[in-house]
Amino acid sequence: MSWQTEQQKSLTNVSEIKKQFPKYNIETQTNFNVKITPHYLSLIDKKNPDDVLAKIVFPSKKELNIKKEELDDPIGDKAKNKDLDNSPVKNLTHRYDDRVLIYMGNICSSYCRYCFRKNLLTHKPITTKEIEDIISYIKKHKEIREVIFTGGDPLMNSDTVIFTTLQKIEKILHIKSIRIHTRMPIYNPYRITNDFIKEIKKLQKPLTIIIHAVHERELSDITKDKLKRLQSAGVILLNQAPLLKGINDTVELQTALNYRLLECGVLPHYLHYLDLAKGTSHFRVPFRDAQKLMSDMRGRISGHLIPKLIIDIPNGYGKVQIAEDYIKRIYKKGSDTFVDMESPVIKGKILKYKEVLDK
């Protein structure tokens with residue numbers, strides 16, 4: 001099976017999904033596009049209209065409920081923040097001194113209903129000129145140590161685009177680490193081809209690939225095989241997942257996910273408190289429950305299999321790690337403000353994070 005053929009056969013029509021899953025009450029009106037690969041569809045239980053995997057990709061009337069605090073750009077990818085000024089060239093974010101994000105086109109293999117970039121996704125790939133401008137910027141800024149490929153999904157690009165760019169980055173002496181964020185091993189595992197593995201093995205600098213598995217059943221046997229091949233090629237494999245109500249918000253669900261990740265050669269890294277993307281409130285776990293989940297995992301899951309709970313502050317201020325004792329110090333119950341007096345990113349600012357933390 002070619003990965004391109006798998007992509008071409010993706011379902012993008014809600015009516016067609018309804019035909020294949022007649023027991024499901026699928027919403028025909030949507031706020032953003034629908035796309036699901038045949039591989040992912042094969043993982044969904046057609047007999048169970050409450051299957052958690054269906055909730056991840058099937059449109060729901062619940063996403064039509066837009067809360068006033070929800071944002072088009074919840075983490076500030078496109079924010080015009082005069083305090084930060086962190087987008088010096090197109091398709092690049094320089095938020096932290098030692099690393100940069102490169103947006104390798106706004107195209108995804110399939111569309112997650114909870115996506116924080118749902119309103120930014122298009123069908124536009126990155127151009128050669130845009131890559132050249134980014135490389136030029138990185139060369140001039142010797143404080144940069146890590147380059148991170150994001151998107152969309154970077155692996156929707158051809159091997160030629162990916163590895164030509166990686167080879168140019170590898171030649172920059174002050175770059176020590178390269179990272180790729182992708183859900184391709186989950187939505188379209190056929191993307192990890194023999195040729196892709198061969199090119200990976202040619203790289204000289206450490207490569208970390210972060211997948212975004214949210215439930216153990218996303219890690220199919222073929223996905224496991226592809227991830228183990230990446231691991232054998234020397235890739236560091238980590239997982240980031242949003243915390244999703246009813247999908248991975250209990251100790252039992254986290255245990256199943258994180259031990260399955262371990263079987264696949266992947267270690268848990270971050271558990272993201274869900275960003276304020278429009279139409280995602282039905283996925284959002286009350287913050288006090290998120291805190292309790294982290295406490296409950298201690299002693300019940302091996303320490304190296306417990307991800308860090310992270311909040312990505314709106315308007316481009318970046319990620320803040322939340323520990324149980326830490327949040328008591330910075331969050332006052334009943335307040336509508338999130339206060340971090342220590343973070344070097346936020347620098348003592350009081351940021352509005354309304355109607356989210358203590359629902």
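The protein chain comprises twelve helices and eleven strands, where helices (H or I, at least four residues) and strands (E, at least two) are DSSP runs numbered from the N terminus. The model is predicted: local features need pLDDT of at least 70 and side-chain atom pairs count only at pLDDT 80 or more, whereas totals for chains, interfaces and linings use all residues. Residues are numbered from 1 along each chain as its sequence is written, and side-chain values use heavy atoms, with hydrogens and water left out.

Of the 359 residues of the chain, 56% are buried (under 20% relative accessible area; exposed, over 50%; partly exposed, in between; 1.4 Å probe, protein chains only). Among contacts (heavy atoms within 4.5 Å) between residues at least 6 apart in sequence, 76% join residues at least 24 apart.

Glutamate 6 is located in helix H1 (residues 3–8). Glutamate 6 is buried but forms no salt bridge (a side-chain nitrogen of Lys or Arg within 4 Å of a carboxyl oxygen of Asp or Glu). The nearest side chain of opposite charge, that of lysine 9, is 7.0 Å away; in this assignment Lys and Arg count as positive and Asp and Glu as negative, while His and the chain ends are not counted. A polar atom of the glutamate 6 side chain lies 2.5 Å from the backbone nitrogen of histidine 39. With residues up to four places away in sequence not counted, glutamate 6 touches Met1, Thr37, Pro38, His39, Tyr187, Asn188 and Tyr190.

Leucine 267 belongs to strand E7 (residues 267–272) and is partly exposed, with a relative accessible area of 34%.

Notes
Polar contact = N/O pair within 3.5 Å; in protein donor to acceptor, adjacent residues only side chain to side chain.
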